[in-house]
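Please keep the viewer open and try each task before reading on.

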Amino acid sequence: MKSLLKVNKKINSFNQEIKVDGDKSLSIRWVLLASQTIGRCRAYNLLMSEDVFAAIDTIKELGIKVKIYKDYCDIFGNGINGFKYKKNLTINAKNSGTLGRLILGLLIKSPQKIKLIGDKSLSKRDFSRVTIPLKKFGVKFFYKKKGKLPLSILGSKSFKNIKYLENRGSAQCKSSVMLAALNSSGTTFIKAKKSRNHSELIFKYLKIPIKIKKTKKYDFIDIKQPKKIKAFNYKIPGDISSSAFFIVLTVLTADSKLLIKNVNINSSRIGIILILKKMGAKIFLKNKKNYRGEKISDILIKSSKNLKAINCPPELNSSAIDEFLIIFLIAARAKGVSHFKNLSELNQKESPRLDFGSKILNMMGIKTELTKDSLKIHGQPNLKITKLITVKNYLKDHRIFMMSTIAALTCGGKWKIYDKDSINTSFPSFIKILEKINNKPL
Ligand code: S3P
């Protein structure tokens with residue numbers, strides 16, 4: 001794939017129906033949990049992206065058999081703590097924070113040191129957020145640079161039951177400790193600020209002893225070690241984070257309509273829909289279903305005029321955390337000044353997205369006011385870009401690439417957008433689907 005995308009023209013009006021790739025969070029969780037079951041697990045519509053392949057390669061290195069077919073993937077689990085591996089093993093989470101953080105939870109009993117590495121972007125990210133709670137179980141970590149990859153983990157023999165306060169609203173931290181709880185006799189107590197709850201829903205479905213008490217701000221989660229986990233099959237629904245780019249494309253393109261089929265609309269993930277609706281976007285959920293505790297529906301989007309600025313409620317931050325870049329684009333085209341607050345976590349992603357998002361808007365001629373954890377965006381409903389914009393050196397962040405592409409197709413101007421290959425980490429079909437909507441190659 002050539003890594004530069006040139007866009008010189010806005011997209012024409014469209015009326016289309018599409019399906020997006022499988023949900024990334026659910027795909028990685030299925031791979032990791034399947035490895036802990038006894039028997040054959042099968043997933044349909046598993047996201048076939050680099051992040052998920054990295055998860056598959058990781059469990060293969062840890063002795064788990066995996067077979068990939070055209071329409072499904074089989075994993076043959078070896079039970080809880082059933083990993084078998086050679087001495088001096090190195091596993092590679094590549095670009096995936098979810099994999100890097102969650103896998104450590106499954107390694108808290110590893111009798112030998114295992115080294116965890118990642119790519120340039122992952123090596124810049126914070127791992128102390130999971131090593132600190134995992135150390136409470138008695139696990140040891142070794143690093144060159146504290147809290148950063150590469151690091152090595154050495155499991156514990158004597159286990160302590162832990163109480164853990166997750167105060168960032170990070171599902172990765174919460175899930176890492178939840179997976180560790182599978183290996184810890186006794187009860188693990190977690191008090192977690194609200195974040196996506198896919199792990200909890202799968203644990204419940206798998207009859208892992210879990211108790212959840214919800215309050216407005218926190219979830220109290222108690223987990224007891226299960227004796228074993230039965231093999232399970234799963235049909236992965238479409239990813240709302242991938243759908244988000246096409247939702248915004250449709251909202252910003254005149255006389256257009258799009259139906260996205262079978263998307264996961266778990267309430268801990270639909271911040272983008274709530275935020276965009278508050279801003280005046282026409283988005284409708286159709287054909288709602290339940291699947292193993294998850295909610296799924298089709299999403300109908302219509303082009304929307306008269307978008308208005310938002311003072312975004314921070315309670316929605318965690319349910320829209322991967323969508324803020326593309327939400328910023330809507331704010332850039334809304335009437336008034338939008339304000340997004342308490343967003344320091346956005347600078348902890350594949351790239352510092354609060355800073356980079358602001359920078360791209362500035363290149364488009366949009367005025368922003370950026371602090372360490374907030375952004376004000378001065379919207380221009382009639383924005384017309386005429387100059388050349390080059391998007392390069394953004395740590396090959398997939399969502400930066402996709403946000404820039406949607407900006408180019410909806411705001412005009414001439415764009416050179418580098419690092420097209422980055423879409424392979426989360427959404428390999430992105431360009432193909434855009435070309436279907438566009439009715440011709442980009
Ligand atoms: C994810 C949680 C989020 C999100 C990431 C996927 C997950 O990270 O940004 O893309 O699958 O648990 P945090 O939990 O650190 O916010």
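**Exercise 1.** In which loop is Asp-255 found?

*Solution.* Before we start, note that this is a predicted model, in which local features need pLDDT of at least 70 and side-chain atom pairs pLDDT 80 or more, while totals for chains, interfaces and linings use all residues. Residues are numbered from 1 along each chain as its sequence is written, and side-chain values use heavy atoms, with hydrogens and water left out.

Step 1: Asp-255 sits in the loop between α8 (240–251) and β15 (257–264); helices (H or I, at least four residues) and strands (E, at least two) are DSSP runs numbered from the N terminus.
Step 2: its phi is near 50°, a positive value in a residue other than glycine.
Step 3: most residues other than glycine have a negative phi.
Step 4: Asp-255 has a relative accessible area of 66%, so it is exposed (exposed means over 50%, buried under 20%, partly exposed in between; 1.4 Å probe, protein chains only).

**Exercise 2.** Find the loop of Asn-306, then decide: is this residue buried or exposed?

*Solution.* Step 1: look between β17 (294–302) and β18 (311–312), where the loop holds Asn-306.
Step 1: its phi is positive, about 55°, although Asn-306 is not a glycine.
Step 2: with a relative accessible area of 73%, Asn-306 is exposed.

**Exercise 3.** What is the strand order of the open sheet of 4 strands?

*Solution.* Step 1: the order reads β6-β7-β9-β8, with mixed pairing (two strands pair if DSSP finds at least two bridges between them).
Step 1: β6 (89–92) and β8 (140–143) are the edge strands, each pairing on one side only.
Step 2: ignoring direction, neighbouring strands of this sheet are turned by 25° against each other on average (axes are lines fitted to C-alpha atoms, for helices over the stretch in contact; angles run from 0 to 180 degrees between N-to-C directions).
Step 3: β7 (residues 114–117) and β9 (residues 151–154) run antiparallel and are joined by 3 bridges; Lys-115 has Ser-152 in β9 as its bridge partner.

**Exercise 4.** Which residues does the cis peptide bond join?

*Solution.* Step 1: the bond links Leu-149 and Pro-150, with omega about -5°.
Step 1: Pro-150 belongs to the loop between β8 and β9.
Step 2: most peptide bonds are trans.

**Exercise 5.** How many residues of helix α3 are buried?

*Solution.* Step 1: 10 of the 10 residues of α3 (residues 97–106) are buried, so the helix is largely enclosed by the rest of the structure.
Step 1: among them are Arg-101 and Leu-102.
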